[in-house]
Amino acid sequence: DVTEIEEKEAQAKQEEQIMKEQELSNLLHEKRYLRALGLAISLDRPHTVLTVVKAILKEPEGRRHLEENIVRLRKDQKEAVLGFLVTWNTNSRNCHEAQAVMEILLKHEAPDNLLQFSGIKSAVESLLPYT
C-alpha cells in the first residue's frame, strides 16, 4: 500500500509551497524585487508577478527599477512574463503595468531574440487588439 507514502509526499509539497509563499512575502516586504519576480514566475503566479510589478512602479524611480529587474531576468522568465502580460493587458486596471513591461521587453530585446520566444506569435496577436 503506497497511500501513506503518497500522503507524505503531498504534505511535503504543500509545506514547500507554504514556505515559498512566506519567502515571497518576505522578499516583497524587504523590497528584493528581482528575487520576488523570479520566485513568483517559478510558482507560475501571474497575479503575484503583477503585484510585484505594481510594487516596483510605486517606488521612486519605479520605471527605472522595473527596467533593471526585467532586463536581468532569464529568457525563460521573460517568456513567462510575456505570457502573463498578455492577460494583464486585457484588463483596463492592469493595462498600464502590462504596457510598461512590454515596452521594456521591446526596448531591450533584439527583434531576432523576441522571435525566438515561445508563444510570441500568439502573444502578439493577442496584444494587438488591446494595444
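This is a walk through the fold, from the overall layout to single residues.

The model is predicted. The protein has eight helices and zero strands. Read along the sequence, the pattern is α-α-α-α-α-α-α-α. The C-alpha trace spans about 55 × 35 × 25 Å along its principal axes. Of the 131 residues, 35% are buried. Contacts reach across the sequence. Take those between residues at least 6 apart: 59% of them join residues at least 24 apart.

A record covers much of what follows. An unreviewed UniProt entry lists residues 21–131 as "domain: U3 small nucleolar RNA-associated protein 13 C-terminal". In the model, that span is 76% helix and 0% strand. Its end C-alpha atoms lie 33 Å apart.

Start with the pairing of H3 and H5. Helix H3 covers residues 46–58, and helix H5 covers residues 75–89. The two pack at an angle of about 85°, with their axes 10 Å apart. H3 is therefore roughly perpendicular to H5, since angles of 65 to 115 degrees fall in that class. Which residues in H3 and H5 meet? From H3 come Pro46, Val49, Leu50 and Val53. From H5 come Val81, Phe84 and Trp88. By class, the contact has seven nonpolar residues, no polar ones and no charged ones.

Beyond its neighbours within four places in sequence, Phe84 is in contact with Ile41, Asp44, Arg45, Pro46 and Val49. Two of these partners, Pro46 and Val49, belong to the H3 side of the helix pair. Another, Asp44, sits in the loop between H2 and H3. For a sense of distance, take Ala36, 48 residues from Phe84 along the chain. The C-alpha atoms of Phe84 and Ala36 are separated by 15 Å.

Is Gln77 buried or exposed? At 9% relative accessibility, Gln77 counts as buried. Leaving aside neighbours within four places in sequence, Gln77 is in contact with Gly38 and Ile41. Helix H2 spans 33–42.

Glu79 is another residue of helix H5. Its relative accessibility is 17%, so Glu79 counts as buried. What does Glu79 touch, not counting residues up to four places away in sequence? The answer is Gln116, Phe117 and Ser118.

Those partners lead toward the end of the chain. Helix H7 covers 111–115, and helix H8 covers residues 120–127. In H8, Ile120, Ala123 and Leu127 are buried. Seen down the axis of H8, the buried residues fall within an arc of 60°, so they line one face of the helix. What covers them includes H5, helix H6 (95–108) and H7. H5 thus has a part in two places, because it packs against H3 and is also among the helices covering the buried residues of H8.

Asp44 has a positive phi of about 55°, although it is not a glycine. Asp44 is found in the loop between helix H2 and H3. With a relative accessible area of 53%, Asp44 is exposed. Glu61 is exposed, with a relative accessible area of 53%. For both residues the class follows because exposed means over 50%.

Finish in H4 with Arg63. Is Arg63 buried or partly exposed? Its relative accessible area is 46%, so Arg63 is partly exposed. Beyond its neighbours within four places in sequence, Arg63 is in contact with Leu57, Ala100 and Glu103. Glu109 lies 46 residues from Arg63 along the chain. The C-alpha atoms of Arg63 and Glu109 are separated by 17 Å.

Technical notes. Residues are numbered from 1 along each chain as its sequence is written. This is a predicted model: local features need pLDDT of at least 70, side-chain atom pairs count only at pLDDT 80 or more; totals for chains, interfaces and linings use all residues. Side-chain values use heavy atoms; hydrogens and water are left out. Helices (H or I, at least four residues) and strands (E, at least two) are DSSP runs, numbered from the N terminus. Buried means under 20% relative accessible area, exposed over 50%, partly exposed in between (1.4 Å probe, protein chains only). Contact means heavy atoms within 4.5 Å. UniProt positions are given in the numbering used here, feature names are shortened, and annotations may be inferred rather than shown by experiment. The arc is that of the directions from the helix axis to the C-beta atoms. Axes are lines fitted to C-alpha atoms, for helices over the stretch in contact, and angles run from 0 to 180 degrees between N-to-C directions. Angles under 35 degrees count as roughly parallel, over 145 as roughly antiparallel, 65 to 115 as roughly perpendicular and the rest as oblique. Ala, Val, Leu, Ile, Met, Phe, Trp, Tyr, Cys and Pro count as nonpolar, Asp, Glu, Lys and Arg as charged, and the others, Gly among them, as polar.
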